[in-house]
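These are my notes from one sitting with a protein model. I wrote down what I looked up, in the order that made sense to me.

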Amino acid sequence: MSETITTLSSSSFDEVIGGSEGPVLVDFWAEWCGPCKMIAPILEEIAAEQGEKIHIAKLNVDEANEIAARFEVMSIPTLIVFDNGVPTKRIVGAKGKAALLEDLEEYL
């Protein structure tokens with residue numbers, strides 16, 4: 001995993017999301033998910049380029065299924081932007097970098 005992307009767990013999720021200043025994009029993913037693997041390098045690039053504006057984190061749904069259930073994540077990848085600890089935007093499915101940046105424009 002990258003230094004620019006935070007790996008979340010069931011125990012760290014609420015603390016990290018609630019304590020963050022600024023928006024946090026959480027990638028709900030799993031090891032077996034092909035589209036999740038496709039967007040991982042794109043998220044790495046965005047984290048490196050936009051890290052001062054939006055924090056990027058990953059949560060493995062197989063390891064933290066209660067968190068995924070709490071936010072009604074039914075398919076992966078699902079990206080949820082949390083602003084001040086509140087989910088404000090949901091993006092479902094893999095997208096290219098340009099489309100993802102367009103979806104995140106209001107936070108960048």
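This is a predicted model: local features need pLDDT of at least 70, side-chain atom pairs count only at pLDDT 80 or more; totals for chains, interfaces and linings use all residues.

**Entry 1: K95 and its partner.** I began with K95, which is partly exposed, its relative accessible area being 30%. K95 forms a salt bridge with D103, and the closest N and O atoms are 2.5 Å apart. I took a salt bridge to be a side-chain nitrogen of Lys or Arg within 4 Å of a carboxyl oxygen of Asp or Glu.

Entry 2: Residues are numbered from 1 along each chain as its sequence is written, and side-chain values use heavy atoms, with hydrogens and water left out.

**Entry 3: the order of the elements.** How many helices and strands does the protein have? I listed 4 helices and 5 strands. Both are DSSP runs numbered from the N terminus: helices are H or I with at least four residues, and strands are E with at least two. Read from the N terminus, the order is β-α-β-α-β-α-β-β-α.

**Entry 4: overall dimensions.** I looked up the radius of gyration, which is taken over C-alpha atoms. The globule rule is 2.2 Å times the number of residues to the power 0.38. For 108 residues a compact globule would come out near 13 Å, and the protein has 12 Å, which agrees. The C-alpha trace spans about 30 × 30 × 25 Å along its principal axes.

**Entry 5: inside and surface.** Of the 108 residues, 44% are buried. I then turned to contacts, meaning heavy atoms within 4.5 Å. Among contacts with a separation of 6 or more, 68% are between residues 24 or more positions apart. The accessible surface is about 5700 Å², and carbon and sulfur atoms hold 50% of it. That area comes from the Shrake-Rupley method with a 1.4 Å probe; for residues, only the protein chains shown count as cover.

**Entry 6: charges.** I recorded 8 positive and 19 negative side chains, with the centres of the two sets 5 Å apart. Lys and Arg count as positive and Asp and Glu as negative, while His and the chain ends are not counted. Each charge is placed at NZ of Lys, CZ of Arg, CG of Asp or CD of Glu.

Entry 7: The structure holds 6 salt bridges. One of them joins K58 and D27, with the closest N and O atoms 2.7 Å apart. K58 is in strand β3 (residues 55-60) and D27 in strand β2 (residues 24-29), so the pair links distant parts of the chain, 31 residues apart. Are K58 and D27 buried or exposed? I found both K58 and D27 buried.

Another salt bridge is between the side chains of K97 and E45, at 2.9 Å from N to O. K97 is in helix α4 (residues 97-103) and E45 is in helix α2 (residues 34-50), and they are 52 residues apart.

Entry 8: Which peptide bond is cis, with omega near 0°? I found it running from I76 to P77. P77 is in the loop between α3 (65-70) and β4 (78-83).

The loop between α3 and β4 also holds E72. E72 is not a glycine, yet its phi is positive, about 55°. Its relative accessible area is 55%, so E72 is exposed. N84, in the loop between β4 and β5 (86-92), is likewise a residue other than glycine with a positive phi, near 55°. I put N84 down as exposed because its relative accessibility is 64%.

Entry 9: Q50 is in helix α2, and it counts as buried because its relative accessibility is 15%. Neighbours within four places in sequence aside, Q50 is in contact with L101 and L108.

V16 is in helix α1 (residues 13-19) and is partly exposed at 26% relative accessibility. From V16 to P41 I noted 25 residues in sequence and 22 Å in space, C-alpha to C-alpha.

Definitions and conventions: Buried means under 20% relative accessible area, exposed over 50%, partly exposed in between (1.4 Å probe, protein chains only).
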